[in-house]
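Please keep the sequence and the 3D view open while you read this note. The points below go one region at a time.

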Amino acid sequence: MSQQGHPHAERKEFRQLISAEQARTLIDQFDLPQRTEAVPIAEAYGKVLAENVYADQSVPPFTRSLMDGYAVRAKNTFGTEETKSIRLKLVGQIEAGVVPEGVVGEGEAAEIATGALIPEGADAVVMVERTDLDGEDVLVRKAVAPGENIMNAGDDIVSGDLVLRSGARLTPREIGVLAAVGRTEATVYRSPIVGILSTGDELMEPGQALTPGKIYNSNAYALQAAIEEADGEPRNLGIVGDDWEAIESVLQQAARECDLILTSGSTSAGAGDIIYHILEEQGELIAHGIKIKPGKPTIIGRFDGKPFFGLPGNPASAYVVFSNLVAPLIRAAAGRDPHPRTGRLRARLAVSISSDGGRLEQKHVGLVRSDGRVRAYPIEKVSGAVTLLAQADGYIKIPEGTSHLEEGEEVEVVLLSEELDPPQLLFMGSYCPGVNLIIEHLPDLTVRSINVGSTGAVRAIRKGIADVIGIHLLDRSGEYNVPYLQTSGLTEIALIRGYRRINGLLLPKGNPADVSGIADIVDRNLRFINRARGSGTRTLLDTHLKSIAAERDLSLKQLTQRITGYEVEASSHSAVAAAIRNGVADVGLGLEAIAAMNGLDFVPIAKEIYDFLVRKDDLERDMILRIRKLLQDQGFQAELRKLPGFVPDPNSGQVIFQS
Ligand code: AMP
Ligand code: MG
C-alpha cells in the first residue's frame with residue numbers, strides 16, 4: 001500500500017504525553033478575543049450581556065393603582081365594617097394612561113382603573129369588590145391603610161439603579177427588564193467562530209448512500225451542536241480525505257474565517273495520521289498526546305496564528321476532549337463562565353470499576369433510581385461506539401493513579417444534561433418487540449431498556465445493574481431458561497414467565513433460493529449472517545447445528561466451517577434483517593415479527609419462550625408486580641397476539657422458578 005500525500009507522513013511515536021492539567025495551562029494562553037455587538041432587544045434572546053445596564057428612568061415612572069376601585073384618603077375609611085359602610089362623594093373617573101385632573105379631597109373618592117395614575121390628594125385605593133354605588137356616592141365597606149393597593153414611583157426600579165449585570169444570560173425575564181427601562185438595544189458578546197474540519201478517507205455525509213468501507217461523518221454534527229451549546233458559532237468545513245495538500249488548504253481557509261480551528265480524525269501517531277505533521281511543518285505544534293481517557297491522541301497547536309485543536313476521530317473521545325479542553329475557551333470568549341457548575345449528583349456504583357490508573361479517566365455512566373437511591377453503572381461499549389454518549393447520563397472522573405473503584409462506593413456523577421431524571425427501571429436483555437409493548441403500557445414509569453444479548457443480561461442482573469432482564473436461552477433438553485438458570489449458579493433470583501414467540505429464518509421477499517430449513521444453510525452455498533455469541537438466537541442456531549453435526553458424525557466446528565458467514569456477527573435482529581434486505585446476506589435467524597416489519601419472507605424454526613428474570617428481593621416491588629399483572633391482563637395479551645408470532649403462555653406473569 002502506498003502512503004498518500006506528503007513524504008513526511010512516516011510512522012512516528014507520540015512525544016511526551018502531557019497531563020490534563022498541563023494541557024489546561026497551555027490552553028489558558030490562547031485567549032480568544034472577546035467581541036461584542038449591539039443587537040435589538042427582540043433579537044437578544046439567549047445572548048450574553050456585555051454591558052452593565054443602568055435604568056435612566058424609574059419603574060413605574062409614577063405612583064399607580066394596583067386594583068380596579070376607588071382612590072381615596074385612607075383616613076376617611078377608618079372605622080368602616082362590613083355592616084357599617086362609609087359614604088364618600090364620587091368626584092371623577094381615571095383610566096390607565098391618562099393624567100387625572102383635579103384633586104381627591106376630604107370625603108371624596110375617584111373611580112380608578114388598575115395601572116392608572118393616583119390622583120393628587122388620594123393615598124390609597126379601595127377594591128371595587130368592597131364598595132357599592134349609590135347614585136353619586138360610593139359606599140365603602142372596608143377600611144384601607146395609607147399606601148394600600150398602590151405602587152409608588154420607583155418601587156420596582158429607581159432611576160440610576162444597576163438593573164442587569166454584564167455576563168447575564170438574556171432570558172425572557174431580562175429582556176422584559178430591558179424593555180421596561182426603555183432600552184431598544186443591548187450590547188452582547190459575539191460568539192467566536194469555530195471551524196470544524198472532518199478528516200478521513202472513510203467519511204461520507206449523512207444523506208449520501210454509504211459505499212463499502214465508509215461511515216457517516218457524525219463528529220461534525222455532534223461538535224457543531226456542542227459548539228452552539230458552548231455559545232460558539234460553528235462553521236462546518238466539510239470532509240477532507242487523508243491528504244496533506246487538501247487538509248492544508250482547508251486549514252488556511254479556516255484560519256482566515258475562524259477564531260478557533262478544530263479538526264477530527266487523523267491525530268494518532270500512526271502512518272496516515274498527518275495532522276500533527278502539518279502542524280509541525282506549517283504551524284506550531286504545542287502538544288501531541290494528553291493523559292486523558294478517552295482522548296489521548298489529541299493535538300494542541302496554532303495554525304496561521306489561530307488556536308488549533310486536533311481532536312481524535314473516535315466520536316466519544318472527540319466529545320470528551322471538546323468538553324474538557326475546548327468548550328471552556330469558547331465559553332470564555334462568549335462572555336460566559338468557562339467552568340459553569342453543571343448538574344452533579346451522588347450515586348453508588350452498581351459494579352466495581354477498574355481503570356489503568358495511568359491517566360485521568362472520564363468514565364461514562366448510566367443512572368437508575370431505586371428506592372430513593374441512585375445507582376451508577378458504567379456504559380460498556382466497544383471503543384468508537386457513537387451510542388456511548390447517547391446512553392450515558394453522566395460521567396465520573398477517575399483520577400490518574402486510581403486504578404479501582406469498589407462496588408457500592410459513593411461517587412460524584414457529572415450530569416451530561418441539566419434536566420436529567422434517572423429512569424425508575426432498568427431493563428436489559430435480548431431485543432423483543434414484546435418488551436416495547438410492555439413499556440408502552442407503563443406510561444407513568446420511566447424505563448430505560450438496553451439491548452444486550454441474553455447472557456450479557458444475565459451478567460448484568462448478577463452484578464445488580466439491571467432490575468429486570470429478558471432472556472430466551474434454549475437448553476439441549478429443548479427447554480427454555482430454567483435449565484440454564486439451574487446450572488448458572490445464580491441465586492436469589494426469580495423467573496417470571498413472559499410469552500411465546502416464533503423465531504426462524506429471515507429471507508429475501510419471495511424466498512428466491514427456496515430455503516426451507518437450517519440444513520439449507522449448511523448444504524447450499526448461501527451467504528449466512530450470524531448473531532453475536534451470547535445472544536439467545538445464536539444459542540438457538542447452535543443447538544440446531546449441534547444436532548445436525550451429530551447426525552452426520554461431525555464436530556460443530558467441522559460443520560460450521562461449511563457455512564459462509566458463520567463468523568459474521570450482527571448485533572441485533574434488525575441488523576440481520578437489514579443485511580438481508582440490502583442483499584448483503586441470503587439468510588439469517590430472527591423473529592417472525594421482525595421479518596414482518598421488514599417485509600421479508602420467514603420460515604419458522606422454533607417456538608421460543610421469552611421470560612423475565614428479577615432479583616428475588618424485588619418480586620414484591622410495585623414495578624415488578626405491575627409487569628406481572630400486565631402479562632396476565634387479557635387486554636395486553638390481545639395486543640401481544642397482534643405481533644406476528646407472539647402468543648401469551650398459560651403461565652404468563654407467574655413466577656415459574658426461584659433459586
Ligand atoms: P482516527 O482518529 O482518524 O484514527 O479515527 C479513529 C476512528 O474514528 C476511526 O474508526 C474513524 O473511522 C472514526 N472517525 C474519524 N472521523 C470520524 C467522524 N468525523 N465521524 C465519525 N467517526 C469518525
Ligand atoms: Mg482517520
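1. Start with strand β9, residues 137–140. Both of its faces are covered: D137 and L139 are buried on one side, V138 and V140 on the other. Buried means under 20% relative accessible area, exposed over 50%, and partly exposed in between (1.4 Å probe, protein chains only). Helices (H or I, at least four residues) and strands (E, at least two) are DSSP runs, numbered from the N terminus.

2. A word on the model itself. It is predicted: local features need pLDDT of at least 70, side-chain atom pairs count only at pLDDT 80 or more, and totals for chains, interfaces and linings use all residues. Residues are numbered from 1 along each chain as its sequence is written, chains are lettered from A and ligands numbered from 1 in the order in which they are written, and side-chain values use heavy atoms, with hydrogens and water left out.

3. Look at V138 in particular.

4. Now follow the chain from β8 to β9. They form a hairpin with two residues between them. G135 sits in the turn and has a positive phi of about 65°.

5. Is L133 buried or exposed? Its relative accessibility is 57%, so L133 counts as exposed. Leaving aside neighbours within four places in sequence, L133 is in contact with Y70, L90 and V138. Contact means heavy atoms within 4.5 Å. The C-alpha atoms of L133 and S370 are separated by 63 Å, and these residues are 237 apart along the chain.

6. Compare another pair. Q29 is placed in the loop between α1 (20–28) and β1 (35–40). Q29 counts as exposed because its relative accessibility is 54%.

7. Turn to helix α2, residues 172–180. Its buried residues are E174, I175 and L178. Just after α2, G182 takes a positive phi of about 90°.

8. How many cavities of 30 Å³ or more does a search of the whole structure find? There are three. On a 1 Å grid over the protein atoms alone, a cavity is a set of points where a 1.4 Å probe fits but cannot get out; lining residues have an atom within 4 Å of a point. Grid points are joined across faces, edges and corners, and a volume is the space filled by probe spheres set on the points.

9. The largest cavity holds about 70 Å³. Its lining includes L425, F427, F612 and I627. Two elements give two or more residues each: β29 (425–429) and α8 (433–440). Of these, α8 gives the most, with three residues.

Definitions and conventions: 1 Å grid on protein atoms, 1.4 Å probe; cavity = no way out; pocket = protein on both sides within 12 Å on 5 of 7 lines; lining within 4 Å. Pairing = 2+ DSSP bridges.
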